[in-house]
Number of protein chains: 2
Amino acid sequence: MNGTSSSFDELKARLAEIHYLGQAKALLDWDERTMMPPGGAEARAEQLATLVRVHHEKLASEELGRLIAEVEPFGEELHYDSDEAALIRVAKRDHEKARRVPVELRGAIARASSIAEHAWREARARSDFEHFLPHLERNVYLKLRYAHCFERDDVYDPLLDDYEPGMKTAEVAQVLSDLKEALVPLVAEVSERTATVDDSVLGRRFPVERQREVVRRMLGALPMPSDSWRLDETTHPFQLSMSPTDVRLTTRYEEHGLASIFAGLHEYGHGLYENGVDPALDGTPLAKPTSLGLHESQSRMWENLIGRSVPFWQGFYGLLTEAFPDELDGGGPEDFCRAVNKVQPSLIRIEADELTYDLHILLRFELERELIGGTLEPRDLPAAWNERVRSYLGIEVPDDAHGVLQDVHWADAAFGYFPTYSLGNLIAAQLWEAVRSALPDLDDQIAAGSFEPLREWLRESVHRHGRKFSAAEVVERATGKPIGVEPYLDYLREKYEALYE
Amino acid sequence: MNGTSSSFDELKARLAEIHYLGQAKALLDWDERTMMPPGGAEARAEQLATLVRVHHEKLASEELGRLIAEVEPFGEELHYDSDEAALIRVAKRDHEKARRVPVELRGAIARASSIAEHAWREARARSDFEHFLPHLERNVYLKLRYAHCFERDDVYDPLLDDYEPGMKTAEVAQVLSDLKEALVPLVAEVSERTATVDDSVLGRRFPVERQREVVRRMLGALPMPSDSWRLDETTHPFQLSMSPTDVRLTTRYEEHGLASIFAGLHEYGHGLYENGVDPALDGTPLAKPTSLGLHESQSRMWENLIGRSVPFWQGFYGLLTEAFPDELDGGGPEDFCRAVNKVQPSLIRIEADELTYDLHILLRFELERELIGGTLEPRDLPAAWNERVRSYLGIEVPDDAHGVLQDVHWADAAFGYFPTYSLGNLIAAQLWEAVRSALPDLDDQIAAGSFEPLREWLRESVHRHGRKFSAAEVVERATGKPIGVEPYLDYLREKYEALYE
């Protein structure tokens, strides 16, 4: 017993070291995208590669494997729900994945993706795919080598598993195919019904300085302690946390439209999840969100289920009219909601309405499977992209900046990430069904700016668990049923029915 | 030969890893002082302690020692000035220092000083020394244990050596004593002569927003590539570089006075040194400034020898009057210079005139020697501080915020740092003597805003060497003589003579 207990303590100490190295890496990533002068790019790639290598060596070390093996019998005697049992489970999984991957490859991916991200930023600014192409090729090549480190049914499986642990490509393909089947007719029907909705307000000029003020005040009114987060600007909005009480949100301001608000709410949802992890898990590998699907469920919930709802704007429309008395045109929160929910195929994923959004995901999922599978050459990607947008969304892509270059993910070598957005949509709706039945007054609370009961429900049912349970386990515990498509489709049908009759 | 060459390559790879870990740590420090939400403090202390431990373990490792021993004979055959010989020298020195210190102690110092810095910030804001005291006690205790890891003539020697490699406490004590002897009568004489100088302009309110604009435009007009630095705000101004082309400057804005400008110029001087290191040294332990004394020579040069000179304000006074047409009172650059150079004992070191500045250093040096030597208890520090200020500067300290709590250094466990400011003053004046004889038109160039020749001289004579040579070697090579007090005293006498006759 004493032997086990001292092994367990040593295991925890080593895992804490790995955990804090991961947090330090997160700061390097955040800084690279928000603060770093361009001159820092080359050294940053080396700094990141070094931290990733050291992190990887410690995680893959035989010593760690030995300690895990020593405490496993102890873990099996414990209740599945205990922090200790979960710690051993998750540490074993992380270790076993790490030890399959050569440390040089880990470092190479970190270095290449850091450099690629800068090239992408430039390429996107001038819509110059050629400038990005060699970086994309290198990322695809490295991630293919990475996938080959693992046993697999599908070469895409190991990539997906990094973002959605335990999920298989075939399952995702099925979900997206089910969604497509249901969404295509729904898009046709609703977009016809909303064709006459006036959303010209969203094309207007909203001075950036006042957008900043609105986003800051809005997020400040939501329930995350003000000493635990900050908001910055970036090319492609993201959220990264250095710790549960050091959450970094970002958004992007453009002169026209109010996308900054919805991007801000999206990242806020991510941040609130990170902030809600049980402090008892601090310093362990459990002190993080459990999957990107669950993570995106929280961001999409705040962006859409909350942020594009009538009750939300009943609460916040005053803030908007105060900031933009001339830009808005006298409609109320309901009109504004009809405008921001108008269904129409569009070019930019992060600005897409909820009905067409998953078609953006589907085409990315298909294209990245083909890239990784070797049936699509990186240099043919823009043509394939444009063709797919034409086919699924019925629109023409005017240039690569509004097409294949719009997202940071492939620059970041994050193949396998995109499907988690659709999983997130599903999970968000399923959790929403549960929270609505738990909090019958939810709409009134939201309209009154009282978000604490919602936050408490989310924290209790989802956030606090960190990585103790898988996304599937969390959802089943919170909603009483496995992750499925129906609650999401029900939500969409009801929402558009209510908004546009 | 092949064996040596492969050992040398392996040594360089290991040193690069250590180097990039050090850069990552610098980012954590920078972020902690400029960006981090307060909620991040506890985790940041752990992140820093982890990085410092990993860095230390790699630097102190037997493997590294073995590699250094293997390449040493090779290094001895090379020219002393070669990059390779310098690399081996410096790596050996760093390794031998590191292996004397237990890794736990290194981690404990990093953690304690990170936490102490937050406590200090609060304590300073409410002038509450008691709040800071336990952290100070812990820092003194840990740094004493650190000093005891080394053989030494004086317990203060190992602390000083971290900032000014090779310099002994006795030498510093002699320099400061020589300075005191010369400065005390000079202060008396000049402050009498300048008593009637009208510096009321510096007590006026200068709206912070316009100070920001002035500092930004001024630093932007100086010769450092704009893609290689940024400027932020902090409690106690500092400069940290993540790499030579990723320089982070900071300053502090207060409603009254223009100290933000001089702090900005000070940090710019630090940054320009970092920026000027030879890119051929990138990724090695040589790619950093060689000592804090030389570092401070560059900051004090830009702050004072340049930034408080008539030619500088002949060039920049227009910028100032444009920003503050009402706040300034119609005097010209000469009047402004007489105001910003007025000699009068004052409470705050970083705002002190050049004649009284070194007395601030002397009292800190004495007090920290007493703290580390055990003859002064941390709790008695405020009384000792106030007494020493009365004795050396002839003024009363109204509260600890304007006294013992004003500087970040002791919170940061940076005992041994303060004397490098006075060394920096000496070196700055000695280099200035050399640069003036190399560039006879220097005053005209500065007045015309042409700083490139000066930058080139500094880069060529000082910056590019990084850690290849010691501060003493750099100064001797650049000026033809060892570091001494006379050029500094000559500079001061001439300056005040010329300004106030």
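Predicted model: local features only at pLDDT ≥ 70, side-chain atom pairs only at ≥ 80, totals over all residues.

Student: How many residues are in contact between the chains?
Tutor: 30 residues of chain A are in contact with 30 residues of chain B.

Student: Which elements of chain A give two or more residues to that side?
Tutor: Two helices and two strands: H1 (2-34) and H2 (41-60), plus S1 (229-233) and S2 (239-243), in chain A. H1(A) has the largest share of the side that touches chain B, with eight residues.

Student: What's that side like by class?
Tutor: On the side of chain A that touches chain B you get 15 nonpolar, nine polar and six charged residues.

Student: OK, switching to the core. Which residues touch the most other members of the largest nonpolar core?
Tutor: A:Ala24 and B:Ala24, in a core of 290 residues.

Student: What does B:Ala24 touch?
Tutor: Leaving out residues up to four places away in sequence, B:Ala24 touches A:Ala24, A:Leu28, A:Gln47, A:Leu51 and B:Leu51.

Student: Let's zoom out to one chain. How many helices and strands does chain A have?
Tutor: Chain A has 20 helices and three strands. Its radius of gyration is 22 Å, close to the 23 Å that the globule rule gives for 501 residues, so chain A is as compact as a globular protein of that length.

Student: What does the C-alpha trace span?
Tutor: About 70 × 50 × 45 Å along the principal axes of chain A.

Student: And how much of chain A is buried?
Tutor: Buried residues make up 51% of its 501 residues. On contacts, take those in chain A with a separation of 6 or more: 73% of them are between residues 24 or more positions apart.

Student: What domains does chain A get?
Tutor: The domain assignment gives domain 1 (2-151) and domain 2 (169-500). Their C-alpha centres lie 26 Å apart.

Student: How many residues does each domain put into the contact?
Tutor: Domain 1 of chain A puts in 39 residues, and domain 2 of chain A puts in 35 residues.

Student: Which elements does domain 1 use on that side?
Tutor: The ones that give two or more residues are H1, H4 (83-98), H5 (103-125) and H6 (129-147) of chain A. H6(A) gives the most, with twelve residues. By class, this side of domain 1 has 22 nonpolar, seven polar and ten charged residues.

Student: How exposed is A:Ser127?
Tutor: A:Ser127 counts as partly exposed, because 15 other C-beta atoms lie within 10 Å.

Student: What about phi of B:Ser127?
Tutor: Phi of B:Ser127 is near 50° and positive as well, again in a residue other than glycine. B:Ser127 is found in the loop between H5 (103-125) and H6 (129-147) of chain B.

Student: Next, where's A:Ser470?
Tutor: In the loop between H18 (452-461) and H19 (471-479) of chain A.

Student: Buried or exposed, that A:Ser470?
Tutor: Buried, because A:Ser470 has 20 other C-beta atoms within 10 Å. Not counting residues up to four places away in sequence, A:Ser470 touches A:Pro165, A:Gly166, A:Thr290 and A:Ser291.

Student: And how far apart are A:Ser470 and A:Glu164?
Tutor: 306 residues in sequence, but 9.0 Å in space, C-alpha to C-alpha.

Student: Last one: where does B:Tyr357 sit?
Tutor: In H14 (residues 354-373) of chain B. B:Tyr357 counts as buried, because there are 21 C-beta neighbours inside 10 Å. Leaving aside neighbours within four places in sequence, B:Tyr357 is in contact with B:Arg349 and B:Ala352.

Terms used: Residues numbered from 1 in each chain as written. Chains lettered and ligands numbered in written order. Contact = placed C-beta atoms within 7 Å. Helix = DSSP H or I, 4+ residues; strand = E, 2+ residues; numbered from the N terminus. Nonpolar A, V, L, I, M, F, W, Y, C, P; charged D, E, K, R; others polar. Core = buried A, V, L, I, M, F, W, Y, C linked by C-beta atoms within 7 Å. Buried ≥ 20, exposed ≤ 12 C-beta atoms within 10 Å, placed from the backbone. Domains from an automatic or database assignment. Rg over C-alpha atoms; globule rule 2.2 N^0.38 Å.
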